[in-house]
Structure formats: structure tokens, C-alpha cells
Amino acid sequence: MRKRAEILLLLFFSLASFSAPAETLYYEASYQGLFSAGETISIAAISLDSGPAEQSDGGALFQSRMQVTSRPYAFVEQHYPFRVRYRSLWNRRSGKLLAMENYEKTRKVKHQIIWVDWEKKRMQRFRPKGKNAGQQLFPVSLRYWLTPGESFQFHKYGRHRVPDGMLDWLSMLQDTRSRDFRHEKRFHYTVTDGKHLYHYRVRVKKRQLLKVEGTKRWTWKLRFDATEEGVPGPAHRPVLVWMTDDGKHTPVQFESHHPLGRFSIRLSSAAASAFQ
């Protein structure tokens, strides 16, 4: 579970329909280590769409959608093909997560949508085939997340009581981008994947000149560490994120080291072709 949490973070974070995204970023993920004989190989293309949701509350609702595919990479497609869709909806004004979606297709498909009931302080998990169908109705306001003919049923409640200000990985990333960066500045978040709770500590390490798609740019290097609620020790190895030193704080690079190798994600306009 901890490894899955880190990979999702790396591949890495409306009550009406989603408007045209205000921002679309493309990345290429690579791996270097034991399974690649020390060579750096590309393993996935990633798109990240972010923008306000269409509603009339002054633009507080914000949606992010990440898509990950191994389709352009023959080696990965042959041995471990995967498709991932991860989506979140949160209120920037209140700092609260409203809903999130996890879709993973490998040898089998896993798909769930989580609705956060802030009044009762609990998460409601929905799946195509629920364990407790009819006990809770799928939120009408999220019907647009379903494909034509698709239906979701209530599966179960989350195991944890929802803490104030809880976010998911994508909304945490977007909130971090909105902060003022200074050397050794620290931020704290409580984050969920729909099942577990994680406590994140984000530290701004230093300002650094980084080569981004052939051009040197000034960036801020941040470190993300986490512990899981009720579990001793770190939830995953540190994740390093580089964001541009400008008003957008665009994430341009992610990196994490494992005993089996290094995972990197870098901004890449060339990866856009994987989603066209």
C-alpha cells in the first residue's frame, strides 16, 4: 500500500461540469535501476489538467485530472501495460476535498469514486458493483464523471473520521503551488487516497537552476515526507519536487529513490502526443 501511495503521488496530486482546463501540463516518467539493467528507460506519459469547475460560487471549486499511460512505450506495454486516471474536486476557499476518483487498469480494472460527507465527517466509497447497493445514492452532481451507461453503487464508508482541511494528493499539489516559497519554509497537510490518511510535511529546501526541456530555469526544490495515520515509520520514501520560481510555481520535475531504482518525472511537451 505504501509503495502504491508513493507511485501515485509521483505519477505523480464540481458540483457541475468541468469547464475547459485553465492549465494542461504533460510529463514523461522514467525509471533507472535493477529492472532496467542500470539504463534509464521511459515508462509512462502523463497529462495533468487543472482549472475551475463551472459553478456560481465565485470560482472556489477547482478540479484536477491526471491521466497516465504506458501506451507509447513498447517494453512496458509488453510486460506491464497500465492506464491510470486520477481526479479530484476541492474547494479552494474552505480548503476541503469534496470528491475524488481512482481508475487503474492493469491486468484488471479497479475503479472507485469517493464523496466526502463533511456534515457527518465521513467518506462514502462508490464502485461499479457495491456491497451495500441502495444504502447511499451516488451523488447526482458527479454523474458527469461516469461514462454513458455506467452506474456506481455504494460500497462502504471510509475507515477514518474526516479531519478538517483534508485533501488528496492532487489538491495538495495545487495548494502547495499557491504558497509563498522561502528557504526552509514548511507546510503541513492531511491527505487521503480514499481509504488511508497520511500526514504530509512539505519543506522548501533551496532555490536551484534546473534544465527544463533544454532551457535553464530557476526553480524551488521541495521535499515531501509522509506518515500514515496509526502506522509507525514513514509512509514512503521522500519525494522531491521542483517548481518554477515565478507566479505559477509550475511543477517541472519529480524524483524519488527506491532500493530497486530511481523514478523520475519531467515536464515534456513531447508527451502530449500520447493523449491525442
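These questions and answers go through a predicted model, residue by residue.

The model is predicted: local features need pLDDT of at least 70, side-chain atom pairs count only at pLDDT 80 or more, and totals for chains, interfaces and linings use all residues. Residues are numbered from 1 along each chain as its sequence is written, and side-chain values use heavy atoms, with hydrogens and water left out.

Colleague: Is Arg 87 buried or exposed?
Modeller: Arg 87 lies in strand β4 (residues 83-91). Strands are DSSP runs of E, at least two residues, numbered from the N terminus. Buried means under 20% relative accessible area, exposed over 50%, partly exposed in between (1.4 Å probe, protein chains only). Arg 87 has 8%, so Arg 87 is buried.

Colleague: Which side chain makes a polar contact with the side chain of Arg 87?
Modeller: A polar contact is a pair of N or O atoms within 3.5 Å; within protein, one must be able to donate a hydrogen and the other to accept it, and residues adjacent in sequence count only if both atoms are side-chain atoms. The backbone oxygen of Trp 145 lies 3.5 Å from a polar side-chain atom of Arg 87. The side-chain partner, at 2.7 Å, is Glu 101.

Colleague: Which residues does Ser 151 touch, beyond four places in sequence?
Modeller: Ser 151 sits in the loop between β7 (122-127) and β8 (153-157). Contact means heavy atoms within 4.5 Å. The C-alpha atoms of Ser 151 and Pro 128 are 6.0 Å apart. The residues touched are Pro 128 and Leu 146.

Colleague: What is the relative accessibility of Ser 151?
Modeller: Ser 151 counts as partly exposed. Its value is 42%.

Methods. Helix = DSSP H or I, 4+ residues; strand = E, 2+ residues; numbered from the N terminus.
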